[in-house]
Amino acid sequence: MKKIVFTLLTVSILMTSCNTEVNPFSISKHNIGLLTDSTQVKDLEAIFAKDSIVKKIAGDEFLGNVNDILIFEKGGKKLLELSPTEALDSTATIGTIKVLDSRYKTETGITTLSTFGDIKVKHKISSIENTLRNVVILVNENNTFFTISKEELPGELRFDMSKKIEAANIPDTAKIKYFMVGW
């Protein structure tokens, strides 16, 4: 308990001494709003005090699966899906974050309302992965990868997972389904 109070006090002092307010919807390489790459699961209640936190317990923790934590606004809109580095460990940090709400914006201005054309213009694409239902675009600059539904692709690319998908195959108007930040 003392560690939580000390951590919150330190964060509060840093935030007020800088005299700048942290945008709760900004995404950078090491933070998403008040979440950082060193945020522990036990700190989520304080960070999302005005929101609802749902911890899924799948029952297969002994197999090494991590239980996701869902963050909802009080009105019920899903904001984020957090995956801790360890299941059922309150001291575990957050490993990956699935961004679902369109208000979250990267430093380059990408949101879930952006398109593949926006990604191409603002990022250098390192690789494109072909999965069963989606195409995953990995970028070089940060720990972010974007997911686009195969429904956005031409028909000949939707059903064959063995086909190599190039940037030229994806329409610039293809919408982002969601994106993830990994720490």
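The following questions and answers concern a predicted model of one protein chain.

Reader: How are residues numbered, and what pLDDT do local features need?
Author: Residues are numbered from 1 along each chain as its sequence is written, and side-chain values use heavy atoms, with hydrogens and water left out. In this predicted model, totals for chains, interfaces and linings use all residues, side-chain atom pairs count only at pLDDT 80 or more, and local features need pLDDT of at least 70.

Reader: How many helices and strands are there in the chain?
Author: Both kinds of element are DSSP runs numbered from the N terminus: helices (H or I) have at least four residues and strands (E) at least two. Under this definition, the chain has four helices and 12 strands.

Reader: How many salt bridges does a search of the whole structure find?
Author: Side chains of opposite charge can pair when their charged atoms come close. A salt bridge is counted when a side-chain nitrogen of Lys or Arg is within 4 Å of a carboxyl oxygen of Asp or Glu. Across the whole structure, the number found is six.

Reader: Which residue forms a salt bridge with glutamate 73?
Author: The closest N and O atoms of this pair are 2.6 Å apart. The pair links distant parts of the chain, 30 residues apart: glutamate 73 is in the loop between strand S5 (69-72) and strand S6 (78-84), and its partner is in the loop between strand S7 (94-99) and strand S8 (105-106). The partner is arginine 103.

Reader: Which residues does the network of salt bridges with shared partners join?
Author: Another salt bridge of the structure is that of arginine 158 with glutamate 151, at 3.9 Å from N to O. Arginine 158 is partly exposed at 26% relative accessibility, whereas glutamate 151 is exposed at 56%. Salt bridges that share partners form one network, and its members are Glu73, Lys77, Asp101 and Arg103.

Reader: How many residues apart are lysine 120 and aspartate 172?
Author: The side chains of lysine 120 and aspartate 172 meet in a salt bridge of 2.7 Å, N to O. This pair links distant parts of the chain: lysine 120 is in helix H3 (residues 116-122), while aspartate 172 is in the loop between helix H4 (155-158) and strand S12 (178-182), and the separation is 52 residues.

Reader: Which residues are in contact with lysine 55, leaving aside its neighbours within four places in sequence?
Author: Lysine 55 lies in strand S4 (residues 52-55) and is partly exposed, with 46% relative accessibility. Contact requires heavy atoms within 4.5 Å. Apart from neighbours within four places in sequence, lysine 55 is in contact with Val41, Asp68 and Ile69.

Reader: Is leucine 88 buried or exposed?
Author: Leucine 88 lies in the loop between S6 and S7. Its phi is near 55 degrees, a positive value in a residue other than glycine. Because its relative accessible area is 59%, leucine 88 counts as exposed.

Reader: Which residues line the largest cavity?
Author: On a 1 Å grid over the protein atoms alone, a cavity is a set of points where a 1.4 Å probe fits but cannot get out, and lining residues have an atom within 4 Å of a point. Grid points are joined across faces, edges and corners, and a volume is the space filled by probe spheres set on the points. The structure holds one cavity of 30 Å³ or more, and the largest cavity contains about 40 Å³ of space. Its lining consists of Ile27, Ser28, Lys29, Thr106, Glu107, Asn142, Thr144 and Val181.

Reader: Which residues are in contact with proline 154, leaving aside its neighbours within four places in sequence?
Author: Proline 154 is found in the loop between strand S11 (144-149) and H4, and is partly exposed at 29% relative accessible area. Proline 154 and isoleucine 170 are 16 residues apart in sequence and 7.9 Å apart in space, C-alpha to C-alpha. Apart from neighbours within four places in sequence, proline 154 is in contact with Asn169 and Pro171.

How values were computed:
Buried means under 20% relative accessible area, exposed over 50%, partly exposed in between (1.4 Å probe, protein chains only). On a 1 Å grid over the protein atoms alone, a cavity is a set of points where a 1.4 Å probe fits but cannot get out, and a pocket is an open set with protein on both sides within 12 Å along at least five of seven lines; lining residues have an atom within 4 Å of a point.
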